[in-house]
Amino acid sequence: SSGINAEYGWYQRRVRGTLNKRVMPLKKSASSHKKSGLTGGAESELLTDDNLDTYIAEYNTVNIGSPKELSDYCNDIIHILEDSDDWEKRIVALRDLRGIMFAGVDHFKTFKATINGLSRALEKTIKDLRSQVVREACITVSAMCTEMKNSFGSPLAEKLLSPLFSQLLINVKVMNVSAHVCCRRIISCSQHSKMIPVLCVDTTA
């Protein structure tokens with residue numbers, strides 16, 4: 001973990017953890033609470049179809065001026081989600097990704113390919129063992145499909161629906177409810193033919 005902290009220390013300095021609206025309630029962590037700048041608090045409320053958009057609107061503001069900067073930001077997020085053992089950093093990275101969705105960069109020719117490159121990191125994060133990370137991942141994926149609509153269907157929805165369906169079976173309410181709400185949002189926003197085999201296989205397994 002010390003190696004990861006050193007390698008991505010500059011990224012932490014660049015990302016201040018300031019939310020667009022308010023800081024999400026996080027459980028207190030003696031080892032990382034002060035370091036991350038995130039506030040502790042009671043366990044997060046369950047996601048619902050009604051409150052999902054409120055949480056989607058809570059994100060870290062990012063300033064991106066070129067396709068190269070977009071690629072750099074996304075690579076930073078991938079490294080944090082895949083390699084960091086600090087759960088609060090993973091939550092910050094997910095909020096950064098939501099910020100990218102609202103940064104006005106979807107006109108870049110490389111936008112879809114760059115965002116698609118996050119699929120493996122998002123798959124891993126959806127399967128995280130910490131419920132608050134899974135909840136934040138579901139909020140972020142919901143934000144992505146809401147903004148990208150049908151273009152989210154392939155390959156992102158194809159890859160992410162299976163781990164989301166798996167979380168429906170987990171006996172942790174925060175996880176399975178978050179996954180359920182996220183699946184509903186994906187299906188309502190993305191109507192892509194390549195999603196059909198995934199839906200048929202996973203819902204009948």
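Is Asp 128 buried or exposed? I looked up its relative accessibility: at 14%, Asp 128 counts as buried. My cut-offs: buried is under 20% relative accessible area, exposed is over 50%, and partly exposed is in between (1.4 Å probe, protein chains only).

A note on the source. I am reading a predicted model, where local features need pLDDT of at least 70, side-chain atom pairs count only at pLDDT 80 or more, and totals for chains, interfaces and linings use all residues. Residues are numbered from 1 along each chain as its sequence is written, and side-chain values use heavy atoms, with hydrogens and water left out.

Entry on salt bridges. I searched the whole structure and found seven salt bridges (a side-chain nitrogen of Lys or Arg within 4 Å of a carboxyl oxygen of Asp or Glu). One of them joins Asp 128 to Arg 90, with the closest N and O atoms 3.0 Å apart. Asp 128 sits in the loop between α8 (119-126) and α9 (131-148), and Arg 90 in helix α6 (residues 87-101), so this pair ties together parts 38 residues apart in sequence.

Next I checked Arg 95. It forms a salt bridge with Glu 136, and the closest N and O atoms are 3.3 Å apart. Arg 95 lies in helix α6 and Glu 136 in helix α9, so the pair ties together parts that are 41 residues apart in sequence.

Glu 136 also pairs with Arg 98, the closest N and O atoms being 2.8 Å apart. That pair links α9 to α6 across 38 residues. Glu 136 counts as buried at 2% relative accessibility, and Arg 98 does at 0%. Through shared partners, salt bridges join Arg 95, Arg 98 and Glu 136 into one network.

Entry on helix packing. I looked up how α8 meets α9. They pack at an angle of about 140 degrees, with their axes 8 Å apart. Axes are lines fitted to C-alpha atoms, for helices over the stretch in contact, and angles run from 0 to 180 degrees between N-to-C directions. That makes α8 oblique to α9 (under 35 degrees is roughly parallel, over 145 roughly antiparallel, 65 to 115 roughly perpendicular, the rest oblique).

Which residues of α8 make the contact? They are Leu 122, Thr 125 and Ile 126 (contact means heavy atoms within 4.5 Å).

How values were computed:
Helix = DSSP H or I, 4+ residues; strand = E, 2+ residues; numbered from the N terminus.
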